[in-house]
Amino acid sequence: MSTPTAGFVPLDFAELPADEMSRRATAFHQLMRRRRTVRHFDSRPLPPDVVEQALLTAGSAPSGANRQPWHFVVVTDADKKAAIREAAEKEEQEFYRRRASREWLEALAPLGTDENKPFLTTAPVLIAIFLRRFNVDTDGKRLKNYYTAESVGIATGMLIAALHQAGVATLTHTPSPMRFLNRLLDRPAHERAFLLLVAGFPSPDAEVPDIGKYPLEELATFA
Ligand code: IYR
């Protein structure tokens, strides 16, 4: 695990004219507001370099003490995806039939989700995102990580944005519990599965729920 040690270098920062700042902020919002969680995927593969560049973007995220407490497993193998689907659907059956409260199921009703997760085998890429509670250095010594959930959450958001702007649809899938991902993907016990990001092209007939986002007045307060 290489983390930069001492030393400082000049910041690489180019200030933009105000009108250019506004233009870019608006253009980025217009791009990002079209991002939707997609549940119907085509099986066409993604260009590997698109996924790799998006992962590097995610890896550039800020993190507590720059410990970069994440690991991404990119799954494209059909057998592995089938095993993940089988295990996820087993947990999801429990969730939808027993574990979820009535209130939770009512909250999910408008999204139309259920225990069947065909996208886990139809989508070309599954990215299992793991949170590392601590790092292990070369001589096996544990190095504590900080603000791990915040850090991995930020990296995941950047990954979703990077994929979206490259023309890749995603789905944030949260089978619960996700312990089976450690077993199937051979990750050590000190890593906790954080989220399973499904990525690919939407199927031509893909539909999304007709839901909205808060307008600025509700979204934010300016104090
Ligand atoms: N993990 C389940 C249930 C689920 C929960 C929430 I909160 C969602 O926004 C969507 C689904 C599933 O993936 O179906």
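**Reading a ligand shell and its salt bridges**

Both K117 and E92 are buried (under 20% relative accessible area, with exposed meaning over 50% and partly exposed in between; 1.4 Å probe, protein chains only).

User: Before we go on, what kind of model is this?

Analyst: This is a predicted model, where local features need pLDDT of at least 70 and side-chain atom pairs count only at pLDDT 80 or more, while totals for chains, interfaces and linings use all residues. Residues are numbered from 1 along each chain as its sequence is written, and side-chain values use heavy atoms, with hydrogens and water left out.

User: Okay, which residues surround the ligand?

Analyst: A residue is near a molecule if one of its heavy atoms lies within 4 Å of it. Here the ligand is surrounded by E92, F95, Y96, W104, L108, L111, K117, H173 and T174. Helix α3 (78-99) and helix α4 (102-108) each give two or more residues to that shell, helices being DSSP runs (H or I, at least four residues) numbered from the N terminus. The most comes from α3, with 3 residues.

User: What about salt bridges, and how many does the structure hold?

Analyst: You want a side-chain nitrogen of Lys or Arg within 4 Å of a carboxyl oxygen of Asp or Glu. The structure holds 10 of them. One of these pairs K117 with E92, at 3.7 Å from N to O. That pair links distant parts of the chain: K117 sits in the loop between α4 and α5 (119-122), E92 in helix α3, 25 residues apart.

User: Where in the chain do E94 and R98 sit relative to each other?

Analyst: They are 4 residues apart in helix α3, so about one helical turn separates them. E94 and R98 form a salt bridge, with the closest N and O atoms 2.8 Å apart. E94 is partly exposed at 27% relative accessibility, whereas R98 is exposed at 56%.
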